[in-house]
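User: Please take a close look at one part of this assembly: the interface between two of the chains. Then set it beside the other contacts in the model.

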Amino acid sequence: MDNITATIQVVPLNHYILLSAIIFTIGVIGVLIRRNAIIIFMSVELMLNAVNLLLTAFSAYSGDASGQVFVFFIMALAAAEVAVGLAIIVMVYRNTNSVDINVLNRLKW
Amino acid sequence: MIDLVWLIPLFPFIGFLICGVGRNVLPKAVLGTIASLAVIASFSFSLGIFFEFNSVEPVIINLFDWIKVGNVNIPFAFQIDQLSILMLLIITGIGSLIHIYSTGYMKTDAGYGKFFSYLNLFVFFMLLLVLGANYIVMFIGWEGVGLCSYLLIGFWFTNGAFADAAKKAFIMNRIGDLGFLIAVFIIIATFGSATFTDVFPKAQGMVSGDTTLTLITILLFVGTTGKSAQLPLFTWLPDAMAGPTPVSALIHAATMVTAGIYMIARSNIMFSLSPITMSIIAVIGLATAIIAAIIAITQTDIKKVLAYSTVSQLGYMFLGLGVGAYTAAFFHVITHAFFKALLFLGAGSVIHAMSNEQDMRNMGGLKKKLPITFITMLLATIAISGLPPFSGFFSKDEILANVFEHNKVLWIIGVLGALLTAFYMFRMMFLTFWGSFRGTTEQKSHLHESPFSMTIPLIILAILSVVGGFINVPEVLGGGHWLASYLAPVFEGSTSRLGELALSHSTEYMLMGISVGGVIIAIGFAYFKYVKNAHVPISDSENRSALAKISYNKFYFDEFYAAIITKPLDALSVFFYKVVDKAGIDGIVNGVAKAPIEASKGFRLLQTGNVGFYIFAMVVGVVVVLAYSFFKF
Amino acid sequence: MNLLILLFFPLVGSIAVLLNKNYAKQTALISSIITLGFAVTMLCNFLPEAGKQFVVDLPWIPQLGISFKAGIDGISMLMVLLTTGLVPLIILSGFQRTFKNPSALFALVLFMQSGLLVVFTASDAFLFYVGWEASLIPIYFIAAIWGGADRIKVTMKFFIYTFAGSLFMLLGIIYLHLQTPGNTYDIEAFYALSLDSATQGWLFWCFFIAFAVKMPVFPFHTWQPNTYAESPTIGTMLLAAIMLKMGIYGVIRWLIPVVPIGFLQWKELALILCIIGIVYASIIAFKQKDIKRLIAYSSIAHVGLIAAGVFTWNVQGVQGAMIQMINHGINVLGLFFVADIIIDRLKTREIASMGGIAKIAPKLSIAFLIILLGAVALPLTNGFIGEFLLLLGVYKFNIWAAGIAGLTIIFAAVYLLRLYKDVMQGTLNDLTASFKDIKGSEVVLLSIVCALVIIIGVYPQPVLHISESAVTELIGQVNSKLAF
């Protein structure tokens, strides 16, 4: 365990923050500009993973394991979300023959 | 016997109940008899009290506590003194005669029982009015007679115009009544009581021209302008002729309309201490007298002539009150009650004979057919015109003599009014009884003298009209001024302040000479115009001269009131309802409810359904929140 | 006599009506007469000078300081008599009408009576509020189920309007509750509070709005004409004859004594609103075409005068208000019943299409006239006593206010006599020619109303006596607070 911590700490914390920020931004931009529901879905996963990375890094640097426990929770949750989300997307595809989110605009005023 | 005074109003009230309940059950003869007997019983009691009463101080009879709240205590109490005794005699005496007359006059009417019950109710309220020992009990009678007047004017209510006339009378009286009521409030606040015997001694101690007293008296006078048909509220009285003729005689000539004079005479101390009010009363009284007389000159409906004549004579009474001649004014109330009741009953007899025709243009030459009516009415006309030694001469002359002492200009106008009176009264007589018959042959065949039940009251009243003046013959003519000395206790406070009439005998002779001379000339003029030249008023379709038009159309008072009061109020009503209430206030209320709906209409546009937009909005939201927390803290 | 029996017997009656569906009207009438009997028994044992009597004080939710505390003093006694006396008449008014599901209707009426009685006797603010809202629910259903064509919209508005008003009151009650030493809702504790004038100022408005909506005082009145017009006449009578008195009673018991300084600050404004309301509503009544709406506006005018009398806060004004509440209840009930008789027979509310009815319906015309004279305050009818005292009270406050408020006696004559003329006088038309005069229960009801109009007018002292000492005491209590 100390090894891993030490290994992690080889890289300065700023780099982790920067990396996760970049990944997170990619995720956000992906969600914002893509219209394919599956891509958006993947972008969301990217954001989640960016956060996971950050949590792990902070956890290692501050010597507190609870951050990593959080990461497990998030992963479990992400898995569940993927299951439900993909199921919805499949259903959407069956109904509309498309996974373009702009087609899904019927839920409005 | 004085302790039993409560029986006096009770009799007519019982009569009212019997006639009211039994109106469809009892035969007409019984109803009429019961109603008449009730009033005659009151009359006999009044006579008894008249002979028994010899106290200088008023006698108070407390019946029960009516309204008692905090320090305001209003007992239901009666007051007997010279003034109320005389009023009792007039009301029950003339009331009895008119009841008897009505048994003949209303014989064929379907509402016979109803009529007598109303008439008895009227007498009941009128008696309460004059017996009341405080302003509130007086106010019961005051409004009660207004109610009966309403009921009796609208007696034939299936005619919409008659019902309107009734409504008008009630409402115009109500305007005056508000003045009365507020005056009563001020009296209660100032003197701590509304009882006459508490108020007047305290008032006597106040200075002349006191603001509160002026206010009280002006408001009381406003009350009388409604009830006694003075400017500006007189227009209901001519319309009130829609009622059956005995009603016009009893209510709108002899009793109810004189309630205002009674009230001022009753409160004379307060009035004597308010010179401003006195001047207002004198001017309004005179103005009413003249305007009504001018209107009467061109009227063609026999009852309308008499109605305006009543308004005019009431004006004279107010003129008398205004110059402080309380006895003279009250004297005129008495004589006027005799001859005006007689004139109305006579007119009723004519109308009866003419099969309900009231337009003098269709009458003429009736003196042969209706000899008793003719002679009695002629006597009354002479009396009202003021020829000696008939009753009207004494009373009118006494008022005018007092006015002369007070103000010469008012006197000149007053004498002119007296000449007009003589002119229009004789015009009426000449048009009705002289010349040739102008009605239809159908009417002519039905012409008949009225039955005894109607003519006997006429004869009694005629005798009273002729000799009634002798109760108060002035010293200058060798009389004893009985009425003045009888009423002296009532007016004591005022006479001590205002002084008595102090004209030299020669001046008085001169005044009498001028007015009698003028009256004879006026009668002569009427004779030449309507008998010698047989002039008949033109029909409504023809054009009149401008002056005649103004007079014929009653100075456009009704139109004027309609334009400045009725129509604006009605318009205001619609405006308030549609604009202020519906659109304004309710609009705001509904607006409060609509605001969230309208707002939500705007906000829901954000719900585009575009997932990309939602995500974008979410991101922007997150950024904003983060930015806020960075820069704020 | 236990007060609880009086308060809850109507509920028992209400259940009995529901169980006894075939004789709903009769059961309701008997139940309400028994309640009246209880009230009269209490009146016999009642001592006007002895303050609050028949006190019930049971713990209800002691954790929150709420107790079931109620009692009857002179003011409450009159209101209890009003409620218990008029409900039988209101039920009787439905005897010759057919309703769908009558048992539900009459059960609601009795349920409402119970709520009203709680309001008029409560000595605990929470209990008062519960009664206040509990009486709103039945009238909502009565209007919404048995009303006219426009009923849903109108009753919705009525409900939200009055409910919004009472929310402010709830706020005020909770605030006062938190200020009391032992966190209680007891009215005596409220009276004992001495808050600063700013607090009392806004508390005044909290209560005033609730009461003003209920009365209603201008400009909070716009729910009223529509609701009166659209409700079934039973509902209109409940609203006009009894329910609006909750507002006036509230002012006397819960507003002025609780926040005397706030009252002093806003007295003029409240009075001006009342007096504007008198003139304004009277003028609107002039040209109303709908008979029920006309009476509704006349009621606003009359209630404006009652409220003005209360706000003058002198013995004549408040005593006038007390007796006029009774009188207004009787008169407005009578007027609405007459209107109901006419509407029921002619199937229209348009005044213009009526006329000449007096000719063929003399009994109705006499009753109508007597009630109408009571409403225009003719002496020797009940209305005069009330309006005389009220105007005297207003006069003591200000002569001009009395002059303007006094216009009501002219205006009332104008619109009511217009109404009488247009409906009863004139000539018959095709519609009115087949009008049938009143009979049976209608005669009974109208005779009772007319008798009350005249008896109270001729001998009002017994009624005045019931509330006199309670009113004097309450006024004295407030004035002593204001004196420092």
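Analyst: The contact between chain B and chain C takes 55 residues from chain B and 62 residues from chain C. The model is predicted, and every value here is computed from it.

Start with area. Chain B and chain C bury about 5000 Å² between them. Carbon and sulfur atoms give 72% of that area. On the chain B side, the residues that lose the most area to chain C are B:Trp66, B:Arg174 and B:Phe185. Together these three account for 13% of what that side buries.

Four salt bridges are counted between chain B and chain C. One pair that meets in a salt bridge is B:Asp586 with C:Lys157, at 2.5 Å from N to O.

Now the elements on the chain B side. Those that give two or more residues include two strands, S1 (59–69) and S2 (72–80) of chain B. Helices H4 (112–131), H5 (135–153), H6 (160–191) and H24 (557–603) of chain B complete that list. H6(B) gives the most, with 16 residues. By class, the chain B side divides into 37 nonpolar, seven polar and eleven charged residues.

Chain C has a domain interface of its own. The chain is divided into domain 1 (1–258) and domain 2 (264–484). Over C-alpha atoms, 21 Å separate the centres of these two domains of chain C. Here 57 residues of domain 1 are in contact with 56 residues of domain 2. The two domains of chain C bury about 4900 Å² between them, with 73% from carbon and sulfur atoms. C:Leu78, C:Arg97 and C:Phe218 supply 14% of the area that domain 1 buries against domain 2, more than any other three residues.

C:Arg97 forms a salt bridge with C:Glu442, the closest N and O atoms being 3.5 Å apart. Across this domain interface of chain C the rule finds four salt bridges. It also finds 14 residue pairs in polar contact, both residues at pLDDT 80 or more. On the domain 1 side, the elements that give two or more residues are helices H3 (74–93), H8 (187–192), H9 (197–214), H10 (223–230) and H11 (233–255) of chain C. The residues of that side divide into 41 nonpolar, eleven polar and five charged.

Last, chain A against chain B. This contact takes ten residues from chain A and twelve residues from chain B. The buried area between chain A and chain B is about 880 Å², of which carbon and sulfur atoms give 71%. The salt bridge count between chain A and chain B is zero. The rule likewise finds zero residue pairs in polar contact between chain A and chain B, with both residues required to be at pLDDT 80 or more. The side of chain A that touches chain B has seven nonpolar, two polar and one charged residues.

Technical notes: Residues are numbered from 1 along each chain as its sequence is written. Chains are lettered from A and ligands numbered from 1 in the order in which they are written. This is a predicted model: local features need pLDDT of at least 70, side-chain atom pairs count only at pLDDT 80 or more; totals for chains, interfaces and linings use all residues. Side-chain values use heavy atoms; hydrogens and water are left out. Domain bounds come from an automatic or database domain assignment. Contact means heavy atoms within 4.5 Å. Buried area is the accessible area (1.4 Å probe) that two parts lose on being put together, summed over both. A salt bridge is a side-chain nitrogen of Lys or Arg within 4 Å of a carboxyl oxygen of Asp or Glu. A polar contact is a pair of N or O atoms within 3.5 Å; within protein, one must be able to donate a hydrogen and the other to accept it, and residues adjacent in sequence count only if both atoms are side-chain atoms. Helices (H or I, at least four residues) and strands (E, at least two) are DSSP runs, numbered from the N terminus. Ala, Val, Leu, Ile, Met, Phe, Trp, Tyr, Cys and Pro count as nonpolar, Asp, Glu, Lys and Arg as charged, and the others, Gly among them, as polar.
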